[in-house]
Amino acid sequence: MPFYFLDTDTNLNNDLGKINTQQLYGGSERTGRNLQRMISQSIVLGVGAVEALRVLEYDVACYHLNESHAVFTPLYLLHEELARGSNEKEAIARVRERTVFTNHTPVDAGNPKYDINTMSELMAFPEINRELLQRLGGETLFDATLACLRLSRAVNAVSQKHLLTCKERWGDAVDTPWSGITNGVTVSYWQYPEFAEAHHAKKIADAKMLYKKYLMYYLLGRTDKPFDKNRLTIGWFRRFASYKRPDLIFRDFEWIARHLQSGDFQLVMGGKPHPDDTKMVKVWNEIYQYSKELPRVINFAGYDPVMSKIVKAGVDLWLATPRVPLEACSTSGMSAAMNGANLMSTPDGWFSELDSEDAFLFGTQIPTAQYEQDAFDAKELRRVIDDEVIPMYYGDKTAWYEKAARMKAKAEQCYNSDRMMEEYWKFYGADATSP
């Protein structure tokens, strides 16, 4: 489908307006991020999307809001309905008929709250007064997610676990019907042909060894560390966010140092912290320093689709360490499984839909005080690696690749984007609303 970008860097705008689309989500503190710029960018996204589609002559039957940064789309539609003379109840009902919403995360950064005064000044919708904004988004701060929920006729979360989390947080505040539509990945993009043709354990083992060699060459070209294709290789690649806990495997430094020095496993890590997230910048630097001091561990600065495909096809075990219940889905494990990697994770996001036959699951399902939860999960991570992962990988390769084969088949069948889109289509009734 066509994909359009909105850009404010045009001579029709003043200097302040030109920078509204310079960095995603308003950038960082170093680049001048502030509340006004964040709100302005959301207005460009929400209002600009409606107007751009009209200029392009699309007859839009339904607007799908992906995350509440797009809240100004239904607000703009509401403004237009009120300007045409509809009363408030009628206007909201008409906006809801044309709007559906997907929440992608329970984390606060993905559910912004705006100062109502600043928001009113910037959006310039005279028909939407302060009282109406408060009824939609809250009394003190304007909760963009809550407003999207109240201005949509249907809403979905992105995994079954995430659905429960969302209902706990917002279920009492809205009467909108919910669904859990677990994310999926595009098989044709993420899966290498050798894995697509591998339908049993022996074929997967052969394909994994081929791509493991490619990964070893790739690592050698990027670092000065030789890695061994015959050793258990673990991959951790994703955003460096606090709830994803990239340092969980390092909580017992003596334990991981012993395993790396003896060659029980080798660890490939990579990802980016947000520049304003000083805690995660510090964690990234600490892990990078570990990679200088310890053998058989690499921490890459960055993470892109090309690197992602190479690593997923080459690692034996794809590790995820989210703090329950903050991971909405985490699709990276799906594409790793499609390339013959076994999976290991806490039971969060889509991993909560798996069982021990599918993946190496560890940690608690019940959130507790953060320190206690992290300490327990770190201990369980070490236990599962010591008692399950290492013995199976070195002691029973047949069982290892049979497990990988089962998860690969399940990922191909249940966690592909075709299945996901069919569920979206069915839940949102696209058949009835498409022109």
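Good morning. I shall open with charge. The protein chain carries 51 positive and 58 negative side chains, and the centres of these two sets are 4 Å apart. The structure under discussion is a predicted model.

Next, the surface. The accessible surface of the protein chain amounts to about 20,200 Å², and carbon and sulfur atoms account for 52% of that area. As for the interior, 53% of the 435 residues count as buried.

Turning to the overall fold, the protein chain contains 19 helices and twelve strands. Its radius of gyration is 24 Å, close to the 22 Å that the globule rule gives for 435 residues, so the chain is as compact as a globular protein of that length. Along the principal axes, the C-alpha trace spans about 75 × 45 × 45 Å. With regard to contacts between residues at least 6 apart in sequence, 72% join residues that are at least 24 apart.

I come now to the nonpolar cores. Which residues have the most contacts inside the largest of them? That core has 44 residues, and the residues in question are L215, L219, F300, W318, L343, W350 and L354. At least two core residues come from each of α11 (201-222), β9 (297-301), α14 (305-314), α15 (332-338), α17 (397-414) and α18 (417-427). Helix α11 gives the most, with six residues.

F300 deserves a separate word. Leaving aside residues up to four places away in sequence, F300 touches Y218, L219, R222, T223, F237, V268, M269, G270, G271, W284 and M307.

Finally, two individual positions. H199 lies in the loop between α10 (193-196) and α11. Is H199 buried or exposed? Its relative accessibility is 65%, and the cut-off for exposed is over 50%, so H199 counts as exposed. H199 and T346 are 147 residues apart along the chain, and their C-alpha atoms are separated by 27 Å.

R258 belongs to helix α12, which covers residues 253-262. With a relative accessible area of 48%, R258 is partly exposed. In sequence, R258 and I128 are 130 residues apart; in space, they are 62 Å apart, C-alpha to C-alpha.

Thank you for your attention.

Terms used. Residues numbered from 1 in each chain as written. Predicted model: local features only at pLDDT ≥ 70, side-chain atom pairs only at ≥ 80, totals over all residues. Heavy atoms only, no water. Helix = DSSP H or I, 4+ residues; strand = E, 2+ residues; numbered from the N terminus. Rg over C-alpha atoms; globule rule 2.2 N^0.38 Å. Buried < 20%, exposed > 50% of the residue type's maximum accessible area, 1.4 Å probe, protein only. Contact = heavy atoms within 4.5 Å. Areas by Shrake-Rupley, 256 points an atom, 1.4 Å probe, with all protein chains shown as cover. Lys, Arg positive; Asp, Glu negative; His and termini not counted. Charge placed at Lys NZ, Arg CZ, Asp CG, Glu CD. Core = buried A, V, L, I, M, F, W, Y, C linked by side-chain atoms within 4.5 Å.
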